[in-house]
Every structure is written in C-alpha cells, then in structure tokens.
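Here is a short briefing on one protein chain.

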Amino acid sequence: MKRMTIVLSAMFLSVLTFGQTFEIGAGLGVSNFLGDLGKKQSKGRSYIGDVEASLFRPATTLYFRNTFNPFFAVKGAMTYGMWAGDDRLAKTERLHDDAWFRNYRNLHFRSHVVEFSATAEVNFMRYMPGNTKNWIAPYLFTGIAMVWFNPKAEYNGQWVPLRPLGTEGQGMPQYPDRKKYSLLQPSIPIGLGVKMVVSRLVTVGFEIGHRFTFTDYLDDVSTNYVSKQEFIDFYGSEKGTKVYELSRRSHEIDPEESYGSVTKPGEVRGNPGSKDSYLFSTFTIAYKLPNKFSEFSYSHKRNIVKHNPAKRKKINKYKRFIKNRTW
C-alpha cells in the first residue's frame, strides 16, 4: 500500500508539473449585453441578432493559462466591462410594432461588470506556447463563471441602483414569486478564439465568448408593471413615487397618456421566459513564465550544463543517487 501510494503520488505530480507551460496575460476589447433592453424585439432576444452596435463598451481582462499538452489548456481570468441598454435606440414609424413598443416603454440601464471565470481550451491544431513551429491554433473554450453587476438608471440627474427598489414588486407580499435577485450570478462561457506565437516568450490572440446566465434581471427588467398605489402602500409616498417613476417611464415621452394602456399595471414589461446573456470580445497578449519542466527552460538548462562541467558532474551524481536508492 505504501509503494502504491508513492507511485500514485508520483503520477499525480507528473500530471501537475511535467509538460506544462504557464502564461500570464492581459487583454483589451469590448463587452455587450443581450436581454430585454436590447434593440429589436419587444420581449428581448438572447442571441447575437439582437446586439446593438452602439452599446459596445470597453472591456479588459487579466488571466493565467496552463497548457497541459498541444491540444488542451485551462485558464483562470478576471474580466471587467460595462453593459448598457436603452429603449430610445429603437425607432420606427409603424405604430405598435416591436420597435415602437420598446421606444414607448422608454427604459434604460447601465452597469459595471466584474467576471471571474475558469475555462478549458481545446485546440484544433497542435500548439504550445513558445513553439515557433506550431505557431497558430484556433480553439474552442467553455467553463464556468461568476459575474457581479449592478444595474442603474438615471433619475433626476443621478444614476440610481435599481435592485434595492424592487421595480417589479420584488419583495412585496402580493408578489411572492418575485424575489429580489442577487447581484452575483453564475454563467456559462462558450466561445472561439485563436492563439499565435510571436516569439519564444510571447503569444497573442483574439477570442469572442458568449455568456449564458440563469437570470432575467441583468437589466432589472423581466415581468410585468406594478401600480403606483402598490408602491406607495409598501414604501410610503415619497419612495413609492420614485420607484414607480423608475419602473414606468412611458409618461416621459407621452405626457398625455395617449397609449398609456400599453404600460398599465399588469401589462408586459419584460419576458421572463428568455434569460439574459452577455458577450466579451478581447485581443490578448501573454508572457510565458519560466518553468523548469517546459521545453524552453529545459533546453536552456541543457545548454548551461553542456558548458559547465561542474554543474554536469553534480547532476550525474544526483542521477546515480536516484538510481541506487531503495524505495
């Protein structure tokens, strides 16, 4: 049992060390949001056809990547970006079509975003960082992530956090099925990328990743409108009025309430049947860390030993010690 434990431990350590190549990297790119406050459909769509180009925002990432073999690597990353959505971008001359509905709804939001992710990369071609022979590889990645966000809307010149207000009746006793959502949510990243070796130590790349989530509240919009009186009864007159005016903003573009029935209590405000999602697209650059088990570092050490007889003698003595040891 003792020998078996030693053998298994040695095999495990070999997997964790030999043949691995470590990199640290950074990237710059863009982020975007897909959900109820997208552009094209009144109920929102969670696929790339709903991306509004004017809402792309800057994004940046830091990561650590461990390449186990020419076809497989794992990466841990922290990514910062921003989301935004604005119904005013939807314009149409046709009354009551999808774009008209969005424009009349007149909701908007923005949010800072921080994501922590762990992903696995599968290369379609042989590839190792620092190997200028197999210097390029497209890859597929997926994994798990946690994303922090905080949707806000502008109100009287200030950007107000929406989650504590419960703009759709979250936390109110008459809506027990509407719970206040967490600002930290899991997501599933899936995407494609390409890596290119530019030197023995530097790799550049580009990747685009779609993140699927399990919530419809990234933009604070999901279900139906709540009446002003319900907000006042629950929060009091001042705060209740504020929450109502943040939850229903069609009166800002239609003071006469000519089409007010579209946004009256109980009418559709969002679509809970379609979860929100988001995108990150980044250009990256990575630096290969020194690693005594990597191909580059091994070659470097071999050259040192070749030109250093004392070092070579010491290593040969160690090899004889290992060979003659009784385990």
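The protein chain exposes about 17700 Å², and carbon and sulfur atoms supply 63% of that area. Accessible areas come from the Shrake-Rupley method with a 1.4 Å probe; for residues, only the protein chains shown count as cover. This is a predicted model: local features need pLDDT of at least 70, side-chain atom pairs count only at pLDDT 80 or more, and totals for chains, interfaces and linings use all residues. Residues are numbered from 1 along each chain as its sequence is written, and side-chain values use heavy atoms, with hydrogens and water left out.

**Whole chain**
- The chain has six helices and 10 strands (DSSP runs numbered from the N terminus: helices H or I, at least four residues; strands E, at least two).
- Of its 327 residues, 44% count as buried (under 20% relative accessible area, 1.4 Å probe, protein chains only).
- Among contacts (heavy atoms within 4.5 Å) between residues at least 6 apart in sequence, 74% join residues at least 24 apart.

**E23**
- E23 sits in strand β1, residues 21–34.
- E23 counts as buried because its relative accessibility is 1%.
- Its side chain makes a polar contact of 3.5 Å with the side chain of T203 (N or O atoms within 3.5 Å; within protein, one must be able to donate a hydrogen and the other to accept it, and residues adjacent in sequence count only if both atoms are side-chain atoms).

**E121**
- E121 belongs to strand β4, residues 108–123.
- At 0% relative accessibility, E121 is buried.

How values were computed:
Buried means under 20% relative accessible area, exposed over 50%, partly exposed in between (1.4 Å probe, protein chains only).
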